[in-house]
Number of protein chains: 2
Amino acid sequence: MPIIVQKYGGTSVGDTECIKNVARRIVAEHDAGNQVVAVVSAMGDSTDELLKMAHEIATDPPERELDMLLSTGERVSVALLAMAIHELGRTAISLSGNQAGIQTNTVHMKARITGVETGRLIEELESGKIVLVAGFQGVSPVEDVTTLGRGGSDTTAVALAAALGAKLCEIFTDVDGVYTADPGIVSDARKIDAVSYGEMLEMAATGAEVLMLRSVEYAQKYGVPLHVRSSFTDQPGTWIREEDEKMEKAVVSAVTHTNDESKLTLLRVPDRPGVAATVFGALAAADVNVDTIIQNVSEQGTTDISFTVNQSDLPGAQKALQAIAGNLGVAFLIDNDMGKVSIVGAGMKSYPGVAAKMFGTLASAGVNIEMISTSSIKISCVIKRGQVEKAVRALHQAFNLAKPA
Amino acid sequence: MPIIVQKYGGTSVGDTECIKNVARRIVAEHDAGNQVVAVVSAMGDSTDELLKMAHEIATDPPERELDMLLSTGERVSVALLAMAIHELGRTAISLSGNQAGIQTNTVHMKARITGVETGRLIEELESGKIVLVAGFQGVSPVEDVTTLGRGGSDTTAVALAAALGAKLCEIFTDVDGVYTADPGIVSDARKIDAVSYGEMLEMAATGAEVLMLRSVEYAQKYGVPLHVRSSFTDQPGTWIREEDEKMEKAVVSAVTHTNDESKLTLLRVPDRPGVAATVFGALAAADVNVDTIIQNVSEQGTTDISFTVNQSDLPGAQKALQAIAGNLGVAFLIDNDMGKVSIVGAGMKSYPGVAAKMFGTLASAGVNIEMISTSSIKISCVIKRGQVEKAVRALHQAFNLAKPA
């Protein structure tokens, strides 16, 4: 019997009525002759409520204890969902991350899955039960509860699908798929039927929020087909799978953007070996994720280095740079007012001129490009935050994304 | 270093401010040179909120899933309490029932503790940590979460104290000890300094709500001294321990009562062997807890049997009796309007005339006794519910319980 793994996000189980709706959906899949494993997030904003209490109590709560606290939210969801399925006359069993065999390392709040012990999962499935797994959590080698960080329930679902050899992994959410651009900005943005893992990775990395990077990486690594869709309709959503012949090879599949970039520029950095390593080593040690990096041509033995970080990392980046700037004899500038617009498409590889068209489109729209970074299937431009929406709309139109390719 | 086990009830951790207060209390005990294990209940009415959701979803939720659901409440409490202790600069670690080694049987919603694996508890204590254990829960042999039923956190605390060889087990609650009668009824009721396990067992069985029967049984079995006290003051509460020479041997230590008894009477039951076994076997099979039983003198080959059950068990009892009444050829009457008043005292054993004094006191107060049951240290009278308060006050005065003995 084929195994299907489904994942339901927090809005899909936002209240008891939503939970009953999800139960009906799962039962339909089960009654259609599948073995169903459903991974569930915490209800609506219950995680925020738990965090609020934690911060009323402690300025800097220990991460192990935050994991103990936050992991309760998903347990509540799976238990209630099991009851709702029972009410529909089917047999379901809820499992914590630990009971489902989700093994992780010991890095609390952002643990990585190191393996899945499928013994109990398979036993429960083979006894005819629908299996419900608390998302976002696992167990460390010292038997402590860990959580997987943002988008953790997606990763749980993909990891289970991989370990169980599932036919597919359906990610149910509050949007009906992946779009050619943010529909809040581009009114004629179009739902994409299918994208490759590679495109989805670039889209997730450049601002598409529907799936977290890690879950896509995991799906790609194990070849798990993903289907992102709405839990409130029966319409098909967006498939994410291996690039194949049948997949439309759009030159550009989507325009993505972010609004929370900060640009830091180090001025007159001595142009000698090891300086960049010192700078970015210090940033890495401070856990700062550096995005785009540009080093200008050197002049009279010095050079300027610019890079962007997420706004939330700015305080950490500033602190790290202040600690080393004196020794290096450099000053730095901060521009906290940046965004980024990107185009992503698997067809880009074989079409020259895409970059030129992007830059020309932005120029015509009066958008100044401050930094550029590229991969084989993506071009990103760092621009002023106030110009992001205009840029997204211009690019979406220039690459004809509104019409089916 | 001596080990002290403390237990904090739901009102003691009702909100984040209360949790900080409990943290200060635990830290003081730790700083005084003790190894501290604190067992914590779910915050205030969080368990009721979880149950409300369960009943919105299912008419008859599976008990295994209720356990998965309800056990999250205590996990939230211990995690938050660990953060509050961390904020005070000490190191604490929260453990679920499973992590704390609380092993139970598989009877969900009212599991019994079958053993305590103290390995991790001792390891954490020896590394200098304050250990916080989620009360009310354990793990079954098939690795499922179980809960221990009403008063379960008290039982957790006593079981841990026994397994760890703790010096004592402090039960912190919202009252400041065990009283000679319900202070809501008897204005000059007095806090008792110490009672024996046996007295406390009888008091718990006859309506004193401060401690559940099972935790007292467990404490008696393993000789764990209990100290029941308020988490809102520093006053000593009530000690519960082995009867010893120093303990005041009051003839009567307390007057207890219940307001929720139902009396059932089977009329003209054939007076032949096996009939009582049939009746009470049917009630046991229906999970009805029968309290006082009276069989009247038989007359012309038949007899009347009366017994009381808790009001909540009445529907089950009725159903069970209806199923067998026809075969036995008996009718039955129900009086749903009953209560019970009891006097408990270890000194009663060696003082004749206590029963006579009790019956005389009730008679003078105009209270009619419907049924009587006794043990060596307790006399209970089933009476009309409307007369319970009057009876409690009369007995409290007659046995001079307001004055220290």
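**Two copies and their contact**

In this predicted model, the copies meet through the same surface, because 100% of the interface residues of chain A are also interface residues in chain B.

Reader: What rotation superposes chain A on chain B?

Author: Two copies of a chain are related by a rotation about an axis and a shift along it. Here the shift along the axis is 0.0 Å, and the superposition has an RMSD of 0.0 Å. The two copies are thus related as by a two-fold rotation axis. The rotation is 180°.

Reader: In chain A, which residue has the C-alpha nearest the axis?

Author: The axis in question is that of the rotation of 180° that superposes chain A on chain B. In chain A, the nearest C-alpha lies 2.7 Å from this axis and belongs to Thr72(A).

Reader: Which helix gives the most to the side of chain A that touches chain B?

Author: The contact takes 28 residues from chain A and 28 residues from chain B. On the side of chain A, helix H1 (16-31), helix H2 (46-57) and helix H3 (63-87) each supply at least two residues. By class, that side has 16 nonpolar, 6 polar and 6 charged residues. The helix that gives the most, with 13 residues, is H3(A).

Reader: Which strands stand at the edges of the open sheet of 6 strands in chain A?

Author: The order of this sheet is S14-S15-S13-S16-S18-S17, with antiparallel pairing. A strand at the edge has a single partner strand, so one side of it is left without a neighbour in the sheet. In chain A this holds for strand S14 (290-295) and strand S17 (371-375).

Reader: What is the bridge partner of Ile372(A) in S18(A)?

Author: S17(A) and strand S18 (residues 378-384) of chain A pair in the antiparallel sense over 5 bridges. In S18(A), the partner of Ile372(A) is Cys381(A).

Reader: At about what angle to S13(A) does helix H9 of chain A run?

Author: Helix H9 (residues 314-328) lies across strand S13 (254-270), strand S15 (302-310) and strand S16 (331-344) of chain A.

Note on methods
Residues numbered from 1 in each chain as written. Chains lettered and ligands numbered in written order. Predicted model: local features only at pLDDT ≥ 70, side-chain atom pairs only at ≥ 80, totals over all residues. Contact = placed C-beta atoms within 7 Å. Helix = DSSP H or I, 4+ residues; strand = E, 2+ residues; numbered from the N terminus. Nonpolar A, V, L, I, M, F, W, Y, C, P; charged D, E, K, R; others polar. Pairing = 2+ DSSP bridges. Axes fitted to C-alpha atoms, helices over the stretch in contact; angles between N-to-C directions. Least-squares fit on C-alpha atoms with pLDDT ≥ 70 in both.
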